Amino acid sequence: MFPPPGLSLRLPPLLASNPLAHHLCRRPLPQHVRRRPSSPLLLSSFSLPFASRFAASESATMAGLSPQITNLVIILGMMQVSKRIPFDDPTVLNGVRGLYIASNVIIALIYLYIQSSINKKKDMTTLKYVEPPPMGSTEEGKLVTTTVHAYDIQQLRTAFRGQAMGVAMMAFMHLYMKYTNPLLIQSIIPLKSALEGNLAKIYLYGQPAVGDLKRPFKQAAGFMSAMQSGQAQSDKKAVEAAERAGRGGVKEE
């Protein structure tokens, strides 16, 4: 049986908090590892959505790590860090609250700057694409005729709404359900997502709107993309077919 009787093994740092390793080496778990998480619901509510998004995007080939992978790494790391933060201390708790508020203020400033840049550029180039139907629908895709300016404003409003919903959910979980751990994670992931968004790449970093940044933007793997039967199509063949069929074509402002 491993290890031999009488032999004392010293676990490496990476295995120091692994329950299985301690069991095999006949050593008791440290107190901070044996302690149950303060809120088991957090594991399912925060890690499972990102785990599903990671599984959906693991086959994609990218030059670097995908945002889904880095999000998952950050969440798992912050879950371990949050176990060692004394949230019972009012000073520490208020500090984490301040960090969360500061993160959302920065996100709001980023979106306001992007909105200002969109309005300043005011690109009125016509944009046509075929919007995919909802998942399970028998209808054909709808033809959308808009402008680059209107499309970017619509994408920015969607990002604003998503962030507002996240803040509302976080307020409910923290103020009503008394969960504190998500404050740390939600101070990092939304800010990271805002800085990695397509609009940020175009208007903050000055990247050209080609390739993955070509409008209409590709829907990222996740819940929203699962609600649609595919990506929006902007190729000439798909647009002309939709125009002949008379599906949509109304200009969005």
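I began with helix α11 and noted that its face turned away from the buried side carries the exposed residues K236, K237 and R244. Here exposed means over 50% relative accessible area, buried under 20%, and partly exposed in between (1.4 Å probe, protein chains only). Helices are DSSP runs (H or I, at least four residues), as are strands (E, at least two), numbered from the N terminus.

This is a predicted model, in which local features need pLDDT of at least 70, side-chain atom pairs count only at pLDDT 80 or more, and totals for chains, interfaces and linings use all residues. Residues are numbered from 1 along each chain as its sequence is written, and side-chain values use heavy atoms, with hydrogens and water left out.

Which residues of α11 are buried? I found A238, V239 and A242 within residues 236-245. They lie on the same side of α11 because they cover an arc of only 100 degrees around the axis, taken from the directions from the helix axis to the C-beta atoms. An α-helix has 3.6 residues a turn, so residues three or four places apart point the same way.

I then looked up what the buried residues of α11 pack against, and noted β1 (126-131) and β2 (142-147). Contact means heavy atoms within 4.5 Å.

Next came helix α5 (residues 90-121), where L109 has its place. L109 is exposed, with a relative accessible area of 54%.

Last, I checked the whole protein chain. I noted eleven helices and three strands. Buried residues make up 31% of the 253 residues. Of the contacts with a separation of 6 or more, 63% join residues 24 or more positions apart.
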